[in-house]
Amino acid sequence: MATVIDSKKACTVNPLKMSQPLGACYAFMGLDNCMPMMHGSQGCTSFGLVLLVRHFKEAIPMQTTAMNEVSTILGGLDNIEQAVLNIKKRANPSLIAIASTGLTETKGDDVDGYLNLIRKKHGETLVGTDIVYVSTPDYVGAFEDGWGKAVLAVVDAFAQPCEVRDDHLVNLLPGAHLTPADIDELREMIEAFGLQARVLPDISGSMDGHIPDNFTPTTLGGTTPDALRQLGAAKATLAIGARMDAAAAAIEERCGVPFRVFDRLTGLAAVDDFLQYLSELSGRPVPHKYRRQRSQLQDVMLDAHFWVGSKNMAFAAEPDLLYALTTTAAEMGAHVVAAVTTTHSRVLEGVPCVEVLVGDLEDLEIRAKAGGAQLLITHSHGRQAAERLGVPLHRVGIPMFDRLGAAHMLMVGYRGTRELINGWANIFLADEHQNTPQDWPLPEESRRAASGAHATSCSTGGCGGSSATPADDVVPDAVGA
Amino acid sequence: MDARVSAKIQDVFEEPACEHNQNKSAKEKKKGCTKQLSPGAAAGGCAFDGAKVALQPIVDVAHLVHGPIACEGNSWDNRNSSSSTSQLYRTGFTTDINELDVIYGGEKRLFRSVKEIIEKYDPPAVFVYQTCVTALIGDDIEAVCKRATEKFGKPVIPVNAPGFVGPKNLGNKLGAEALLDYVIGTEEPDFVTPYDINIIGEYNLAGELWQIKPLLDALGVRILSCISGDGRYREVAYSHRAKAAMMVCSKSMINIARKMEERYDIPFFEGSFYGIGDMSETLREIARLLVEKGAPEELKARTEALIAVEERRAFERIAAYRPRLEGKKVLLITGGVKSWSVVAALQEAGLEIVGTSVKKSTKEDKEKIKELMGQDAHMIDDMTPREMYAMLKDAKADIMLSGGRSQFIALKAKMPWLDINQERHHAYAGYEGMVDLVREIDKALYNPIWEQVRRPAPWDVVAA
């Protein structure tokens, strides 16, 4: 449906996008007893760490190879070696997961080669600790790409054919847009069919904000190394979001586990498909609980359509999240007047909007204004734009640093869709316009006719209704000045 | 390394006013003050981060980051430095270079970006920040900025502090150098008074400057320029006309204070806004320097009168908390802010400091801490998170005051915690700030949640 275009600007203003290595490290957060690490300057890690801390209000284990100018030019072998040994000594994780950065990719470090040397040299020291590496230059792609590549790298490193298949076991590959609450919801849905879900990566185990009994310098939970080696034992792989295509296909290719990608699990029909699939896979009927929830969602759709229908909504999010949200909004009868995203993806064509722009929040602001948007939907950085436009902001995605509860936002399944739609309706309800005596002024033409003057062709510019079309004013006047 | 950056770094390392530097041999000085980072066991920001922290509080300037998306995209609008006017400093500008830029060079994109910013936002100046990748591929931001300045008739200032040259603190100083080289002394104020001062190294976090300004206003002392909190480009550009300067104790911009003394004969003192005693001392020093530079002598008497009233007001309010806070144990882990100035403040409220970090403190600072806390002061050079957790869990401290980074160490140990770093939302400067700090500590310690979150679930309690 949508045409996908790239921004022509030289300067990005108010970035929507975050970097690939951060997306990769975020995926590594979903692996148990893991220490994610960026191979770059210490600032690369520091910025990413602060961003995730502010989003989750949780300690974030993330290390750096602390590259400086000289080590960059000479190559990072020594730094990676020292870093790996230091982490092994201080934290003793099951896994050290490394993502490269713009800096080390510009130099062209052969990290796979380095790791072979390091494993050879320190084989005994490193017993019990695996190392994975993913190449994620900052100047290519976005956060979501980094997540996808990291999951693929983990599959490449661990997945192996298993002789014994477990008919009750399914692999679940959640996209970067799913929260810990979303993952818990999907696990519960899968288990309701007598199946067991093996989640990769499982941030619901690590980033859900629980209190561990002891201090742990590594991730506090997530997919275990043993589970990773058993990916091939599953009956099927379910991937959520188009970014997970590659990892799901890789498991099939390597282990023969068939897969199905669900582009989204928000929206009535999308959840119907998912449950129908689970029912077929397990040979069990859809449990009563979900029949009831489906009915509740239908009722919420009926109640909410008065408020959400025909509303102009402007979205900026990473592709998989953008797709899930815009399609749901369109299914509620809202108009998607702007859709901005961070990187390319096959789902973008399916966004119910004339055009999807790979751009920034300045683009969103301009398009939202031009389209007469009544609600902005993007991450917390949209707060300045929303304030300038005088419209409410619905915070979704990462980062969400000025609200609590990011980990517990639920947007998948019937329940999640219900929450999302009610949330939108409530924002519009709170923002509802109260009619005033001045709301319906007669145009000049009518008033003249009524006063007995001759109706003439319109030369005063007052005809065509009293409201000027908002589309004329495309460039915001001195935004932020 | 770019010869200019390299020369700047040497220059900054040679800083004669820096106490760390005074006891070093010539060879040691040349090596610089940058501790070798330990890969896999490092924390903290890079030089670019430091330069941005130092300069971004100049609120009407467009701050343009030349580099890949990580440097700005992962970090923008994440500090709580407040503005009384323009919000442009909170707008994220970056060239967001792509793979082709890395191959063919990013200078053209940078130039076009400056042009777009000037056309759309018309700021009084554009600051261009160099980053690792663009430094590595050899983009000459000085040349681009020079050309852009000529072409657009507007200052376009290069800030050459790519992340990989060192840590955040070095970046603070390299950012300061950009102001010295390109901004300070380039404009003239409309008028001057004998009461004009600069405040250097104050970033107006959570609006702290506004806890101080009413005091100065009441004395008739004018902040000609605050570098850089709630600063405007023009104010920094004419800051060389101040009569005296205060360097805020973090020393992050010591090079500005010293070089402005050298170049423009502006004497400076090192002071702090944290703690009642420190605040009073700061007001006295401001009055003393201004009088030395020709302000009427009576300023000193007015200052003493103001101090007397404000100290009494503050102590009266703090005294109300003393019975509740007396003997409570504090673990104080600070970064930039000098530990001893906070120590003094907390002791005023009856709190006992059981440990304080001295990672970034000078020898002189450590002496002051000993003076305040006694010879057996528990000074922590480099405490691991695990040690902090253990200390809190074993209840060797009742509350931890630190930066946001270590917040969860305390919270996961189910111990009270207070943010005293730059992301904080509470202002703790001056007399008002100290009362607020004590109120916040009290609020944290006496919240009813602690008892609840520490209570085990009934099914976990073994029947006695």
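## Briefing: a predicted two-chain model

Asn92(A) sits in the loop between α4 and β5 (95-100) of chain A; helices (H or I, at least four residues) and strands (E, at least two) are DSSP runs, numbered from the N terminus. This is a predicted model, so local features need pLDDT of at least 70 and side-chain atom pairs count only at pLDDT 80 or more, while totals for chains, interfaces and linings use all residues. Residues are numbered from 1 along each chain as its sequence is written, and chains are lettered from A and ligands numbered from 1 in the order in which they are written.

**Chain A overall**

- Chain A carries 17 helices and 15 strands.
- For 481 residues, a compact globule would have a radius of gyration near 23 Å, and the 25 Å of chain A agrees with that; the radius is taken over C-alpha atoms, and the globule rule is 2.2 Å times the number of residues to the power 0.38.
- Along the principal axes, the C-alpha atoms of chain A fill a box of roughly 100 × 60 × 40 Å.
- Of the 481 residues in chain A, 56% are buried. Buried means 20 or more other C-beta atoms within 10 Å of a residue's own, exposed means 12 or fewer, and partly exposed is in between, with C-beta atoms placed from the backbone.
- Take the contacts in chain A between residues at least 6 apart in sequence: 72% of them join residues at least 24 apart. A contact here is two C-beta atoms, placed from the backbone, within 7 Å.

**Where the chains meet**

- The contact takes 58 residues from chain A and 57 residues from chain B.
- Several elements of chain A each supply at least two residues to the side that touches chain B, among them β2 (12-13), α1 (20-28), α2 (42-56) and α4 (77-91).
- α2(A) gives the largest share of that side, 10 residues.
- By class, the side of chain A that touches chain B has 28 nonpolar, 22 polar and eight charged residues. Nonpolar covers Ala, Val, Leu, Ile, Met, Phe, Trp, Tyr, Cys and Pro, charged covers Asp, Glu, Lys and Arg, and the others, Gly among them, are polar.
- Strand pairing crosses between the chains too: β2(A) and β2 (residues 93-94) of chain B run antiparallel, joined by two bridges. Strands count as paired if DSSP finds at least two bridges between them.
- Val13(A) stands opposite Phe93(B) there.

**A sheet in chain B**

- Five strands of chain B form an open sheet in the order β11-β10-β9-β12-β13, with parallel pairing.
- Its edge strands, each pairing on one side only, are β11 (379-380) and β13 (417-419).
- β12 (residues 399-402) of chain B pairs with β13(B) in the parallel sense over three bridges, and Met400(B) has Trp417(B) as its bridge partner.

- The peptide bond from Leu200(A) to Pro201(A) is cis, with omega near -10 degrees.
- Pro201(A) lies in the loop between β8 (196-199) and α9 (225-229) of chain A, and counts as buried because it has 30 C-beta neighbours inside 10 Å.
- Beyond its neighbours within four places in sequence, Pro201(A) touches residues including Ala27(A), Val151(A) and Thr223(A).
- Another cis bond joins Ile227(B) and Ser228(B), with omega about 10 degrees; Ser228(B) belongs to strand β6 (residues 222-228) of chain B.
- Asn92(A) is not a glycine, yet has a positive phi of about 45 degrees. With 13 other C-beta atoms within 10 Å, Asn92(A) is partly exposed.
- Asp96(B), also a residue other than glycine, has a positive phi near 45 degrees. Asp96(B) is in the loop between β2 and α6 (99-104) of chain B and counts as buried, with 31 C-beta neighbours inside 10 Å.
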